[in-house]
Amino acid sequence: MVDPSDEAGGGRAFRLVLVELRRRLSGGRYPVGTLLPPQRALAEEFGVSRDTVQRLLSELRAEGWIESRQGQGSRVLVGRPVPSATPRPTGFRPPTTLGPVIGEAFEGDEVALDVYTLTSESLYAHIRVQSERIHAGVITPQRIAVRLILPAETLSMPYPRAVGDPGDPRLPTRLRAITRAHTASLRTVLEQLRSERLVPCVEFEVRRAELTPAFELYAVNGDEVLHGPCLPVVRTVFLGDGDGDGDGEEAEAVDVLGLGATLTRHVGDADQDSPGSVFVTSMTAWFDAVWELLAE
């Protein structure tokens, strides 16, 4: 039961309910493609007002977990299994999504992430989840270091683009706006952890490359890599009308999926000649080389 006095303004109890909803989404209690319980049911279960439930759902929508339509409820877009505490095997791992690996990494004392991707949307969504876990005292990392390579804003890319009208400027403009917003939010979330003295050492740096992303790369703590191609899909993109209710313009677009995309996981071991170690070494070396080149 949440103390009503702690609901307003997103207090600690509000955040704990938000963490619980994210835990259920990530743990599979609310599977991808299904509808969340009605707002009334959520309000009764957690002992909060309908207004608070609406703010919670708004937060989950902003983070990319769900989508909501008038009169149709809130549908789950992203899910992940709960990270396992059992020792991980080395070498090739079954395909996974980004969430469980980020969650596992943040359970250690030090977190080092090297990321090359189209936008910072997925990274922000998952680090935001870990930030809430830190605020709730569930995990206590002592150092977080993130290096992020994004495509240059001046780069002309084949996606996203409007079907039948490749010259439509609205989709590239939308992509740039999304990337700027999530990168700024990611920086803010990390800097708050440091300023609030929840994480003693936080490092975050972004560099832009004249490279069209053909794949996503996440190198974690120097000993594992998540890697996957950017697969173009045709989907409906909501351009919005500025009021945030999702009732604005729509466009059929060639785009690539970010949140919830399936990635191949490679883990290194003591044998430097093992397939996992070779792949991790080669991809981290690629990232380091590009990173240093962009410093010139």
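Predicted model: local features only at pLDDT ≥ 70, side-chain atom pairs only at ≥ 80, totals over all residues.
Student: How many residues does helix 7 have, and what span is expected for helix 7?

Tutor: Helix 7 covers residues 275-294, 20 residues in total. From its first C-alpha to its last it reaches 29 Å, close to the 28 Å expected at 1.5 Å a residue.

Student: Which residues in helix 7 are buried?

Tutor: The general idea concerns helix geometry. An α-helix has 3.6 residues a turn, so residues three or four places apart point the same way. In helix 7 the buried residues are Gly276, Ser277, Val280, Met283, Thr284, Phe287, Val290 and Trp291.

Student: How is a pair of aromatic rings described?

Tutor: Two quantities are used: the distance of the centres and the angle of the planes. In this model the count comes to 4 aromatic pairs. Phe287 and Trp291 form a stacked pair, with 5.9 Å centre to centre and 15 degrees between the planes. The angle qualifies as stacked because planes under 30 degrees apart are classed that way.

Student: Where do Phe287 and Trp291 stand relative to each other in helix 7?

Tutor: They are 4 residues apart, and therefore separated by about one helical turn. Both Phe287 and Trp291 are buried.

Student: Which residues form an aromatic cluster?

Tutor: Tyr116, Phe215 and Trp286 form one aromatic cluster.

Student: Is Ser131 buried or exposed?

Tutor: Ser131, which lies in helix 5 (residues 121-135), has a relative accessible area of 4% and is therefore buried. Leaving aside residues up to four places away in sequence, Ser131 touches Val189 and Leu193.

How values were computed. Residues numbered from 1 in each chain as written. Heavy atoms only, no water. Helix = DSSP H or I, 4+ residues; strand = E, 2+ residues; numbered from the N terminus. Buried < 20%, exposed > 50% of the residue type's maximum accessible area, 1.4 Å probe, protein only. Contact = heavy atoms within 4.5 Å. Expected span 1.5 Å × (residues − 1). Phe/Tyr/Trp six-rings, centres within 6.5 Å; stacked < 30°, edge-to-face > 60°.
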